[in-house]
Each structure stands twice: as structure tokens, then as C-alpha cells.
Amino acid sequence: MKYKRLGFIVAFCFVSWIVLAFVIFNDNLAKKNDVENRKGSLLKYIKELELQISQQEQIYKLLADRFKKFTSRPENVVQDMELKFISDHDPTAPSLTIRQDVLQEKSVMLPVLVFSCNRPDIRRSLDGLLKYRPDAKKFPIIVSQDCAHSATAKVIRSYSDASQVTYIQQPDLSEPIVPPGEAKFKGYFKIARHYLFGLKQIFRTFNYTAVIIVEDDLDVASDFFSYFASTYQLLKNDPSLWCVSAWNDNGKATLVDMQQGNELLYRSDFFPGLGWMITKQLWDELEPKWPKSYWDDWMRRPEQRKDRACIRPEISRTRTFGKIGVSNGMFFDKHLKYIKLNELPVDFSKQNLSHMVQTAYDADYIRLVYSLPVVSASDVRTNTNLPFDGPVRITYHTKDTFKNAAKLLGLMDDFKSGVPRTGYHGIVSVFLNGRRVYLAPHSNWKGYDLTWS
């Protein structure tokens, strides 16, 4: 009995030892697994930090290089706005230096051509132009009216009698010949005919060398005239440009940098209209083939644009209040009425615009955009899962993927002749949730060469 009890005690101790060893082993294993998991998470976090630091270094290096180039210029060169234009067609052509006194040259007259029809509210547009016009001789205002609408004509004449504007009337009031099935678009044929008349008057009768074109439903910003006067020499001397526009199609307050973006300008492959400037040289090219209708979409076709770009601002210098018109308010309620008019005026005559010349602009812009981290449109919209607070890039491979991203972010999503609104080499820039966002095509997206040395 004594040996039996002793054997029971030994067996109990052995089992207890086994249980204790098992518990200790599992506890150590759990701790080891926890350490391994934490180690893995830490390594993953370190790798993400290294990637972000590398991306930041690339961006800072680009910015430092650009700043170094800017500050290395002699002070008098920066102040005189020395711009060197290199023609793609003639690499041996001598550079052209544009000085501040040339920009302010009194002989450079930039008339404002206002197209009107049957909108007595043209008074609102004319009052704005007259309020901000700095020089009546440098910026003569010419109103061209179609339709012979008596109430509108009376308003225009009140300014004409006061010698504030010149009043001309489109004489051909006949019904245009419209192709079968397009009778409801007759208004577009009348508009194209009116534009042909008005621009011929500017360049053939009045013999001006350039023109700023607006319509009777536009408000203008206080720096509207400074903007066009200072970009005129860019337009005149850079052969890769064919217009300057005051309009940003994606210029809603939620999509632009309202705090620091008032000085920002961009090149755009998309012809914006809605307050734009062209030269007589371009009109000489366009007039012989001017279309019977839909003139703005015609301007966007490759055979007219010829790979030339327009200058456009981050924050619009015009805003439309014309919901009722030939287009029956298309896009107005969804987009146009939300376009923000600039409220922080800029003296563009004091800005160095040399970076807008294609030879300087393209390489820097493309390199910057394609050095940025790639994120999804949904993450940008919710402002989550983003690597850092700086600029980011959303990549699209097709028109459909662009449209999906644009709709998600509240941008205009349509293409005209293969070009998205505000796009430059397919890149669309917006400012959303406090960060710069670029919608950019994949490097093999057709139609754009994204290989830069």
C-alpha cells in the first residue's frame, strides 16, 4: 500500500511537470510569435518610410534645382522678365528678350471684343469691364451685336453715347442654311456666323494685332486686364502657343488652391474659351476655313490646334452668369455656376513668366508629375491611406478609367478631340483636400509621348 501511494505521488508529479512545461512552452511560443509579428510590422513600416523619404527627396531635389536656376539669375534679369524663346522649327533662330517696358508699351493695344445678342444683362458685363479697365486707349471695348434685339441694343447704345464702347452690328440676319436633322441647333450656326463677322471687323477693319474675346454673360476679375496684357508677349513669341484663356474648366472652389493659387498659370492642350485672346497671325490662318457652326469644338480639332497649347490660370479670371442661352444651360447647374472668380488680384507685369515657355515648362512639369507617388481616386476623395501630405498622382489607362476618377473627384469628365478638359499631355491638375493632385495617363497611353530626357 505504501509503494502504491508512492507511485501515485510520483505519477502526479510527473504529470504536473508535463503540464507546467507545456504551459511554459506555449507562453514562450506566443511571445515569440508576437515578437515576430511586431518585427514584421516594424520592417514593413520602415520600408514604407524609406519609400516616402525617397519620393520626398526626388521632389525636393526637383524644387531645389528649379529654385537654384531662378536665384542664380542676375536680379535685373528677373525684374526685366527676360524670356528666351527657342523655335522648334528653327533651332538656330536668335533668342528674343522681352523686357518689362515692352510689356507696358503704349503702342500695344488689346481690344476687348464683346459678343452680344439678346441679353440686356450685358450691362453687368460692361460695367465690370469698365470698372477694372486701367487704360481706355490700351484696351478699347468693342461690342458686336447679332439678333437686332431692341432692348439689348438700347443698353449698348447708352455706353456708346458715353464714348465708353464702340458699337457694331452684325448685318446678316437671314436664317442660316442648316443640314437635315440639325434644325434645333440653328443657334450654333448663327453664333459661328457672328464670330466670323466680329473677328473680321477686329482684324480687317480696325486692323488690330490681337484681341481679347468675351461674351455678354461673363463677369471679369479685377486683374483680368493685367493677366492678358502680361501674357500677350508669351502668346506672340512662343510658336507652341495659340491662345491665352482666363478660364479654368475645373475651377470650382473645391478644386483650386484658393489660398496660394492666384498666381499659378498652366499650359493646356484643351481650348477653354470663355474669355480668351488670339493674335492676327492666328486669325489669318483660321479665317479662310472658319466653320459654319460649332466653332468652339472645331477649334479643338487636331487640324486646327496643330499640337499648340493655351495658357490658362489656376483660378479663373472670368465667370459666367448666363444659364439661359443657345446651349440651354448645359453643364451650368452641375459645373459652371460653381466656378470661382479670382478675388486676390495679381500684378502679372511683375511676374517672371519665362517658365511658361514650352522648352522650359514641359520637361520640368512632366518630371515632377511622374516622380510623385501613385494613389487611388477613392483614397484622394476620402483623404485616407495616402503616403504623406504632399502632391500625388492618379494614373489612368483609358478614357473610361479617367472618367471614373474624374466623376469621383467632381471634375468635368468629357473629352474633346481626345483631350480632357484642362489637360496637358493628358495630365489634369486639381487641388483637393489641401493637396495637389494630378490625373496622369500611363506612360504608354496613346497620343502622348511621355519619354523625357
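The legends below describe close-up views of a predicted model. Residues are numbered from 1 along each chain as its sequence is written, and side-chain values use heavy atoms, without hydrogens or water. Because the model is predicted, local features need pLDDT of at least 70 and side-chain atom pairs count only at pLDDT 80 or more, while totals for chains, interfaces and linings use all residues.

**View 1. An open sheet of 8 strands with mixed pairing.**
The strand order is E3-E2-E1-E4-E8-E6-E9-E7. Strand E3 (166–169) and strand E7 (265–268) are the edge strands, each pairing on one side only. Neighbouring strands are turned by 25° against each other on average, direction ignored. Strands are DSSP runs (E, at least two residues) and helices are DSSP runs (H or I, at least four residues), numbered from the N terminus; two strands pair if DSSP finds at least two bridges between them.

**View 2. Strands E1 and E2, with helix H7 on the sheet.**
Strand E1 (residues 112–116) and strand E2 (residues 141–145) run parallel and are joined by 5 bridges. Leu 113 stands opposite Ile 142 in E2. Helix H7 (residues 224–237) packs on the sheet and touches E1, E4, E6, E7, E8 and E9; contact means heavy atoms within 4.5 Å. The direction of H7 makes about 175° with that of E6 (axes are lines fitted to C-alpha atoms, for helices over the stretch in contact, and angles run from 0 to 180 degrees between N-to-C directions).

**View 3. Packing of helices H4 and H5.**
Helix H4 (residues 122–132) and helix H5 (residues 150–161) pack at an angle of about 20°, with their axes 10 Å apart. H4 and H5 are therefore roughly parallel to each other (angles under 35 degrees). Residues of H4 in the contact include Leu 126 and Leu 130, and those of H5 include Val 155 and Ile 156.

**View 4. Strand E11 beside strand E15.**
E11 and strand E15 (residues 435–441) run parallel, joined by 5 bridges. Arg 393 stands opposite Tyr 438 in E15. In strand E11 (residues 392–396), 4 of the 5 residues are buried, so E11 is largely enclosed by the rest of the structure. Buried means under 20% relative accessible area, exposed over 50%, and partly exposed in between (1.4 Å probe, protein chains only).

**View 5. Positive phi at Asn 385 and at His 425.**
Asn 385, in the loop between helix H12 (377–382) and E11, has phi near 55°. Asn 385 is exposed, with a relative accessible area of 67%. His 425 has a phi of about 55° and lies in the loop between strand E13 (419–420) and strand E14 (428–432). His 425 counts as buried at 16% relative accessibility.

Conventions: Angles under 35 degrees count as roughly parallel, over 145 as roughly antiparallel, 65 to 115 as roughly perpendicular and the rest as oblique.
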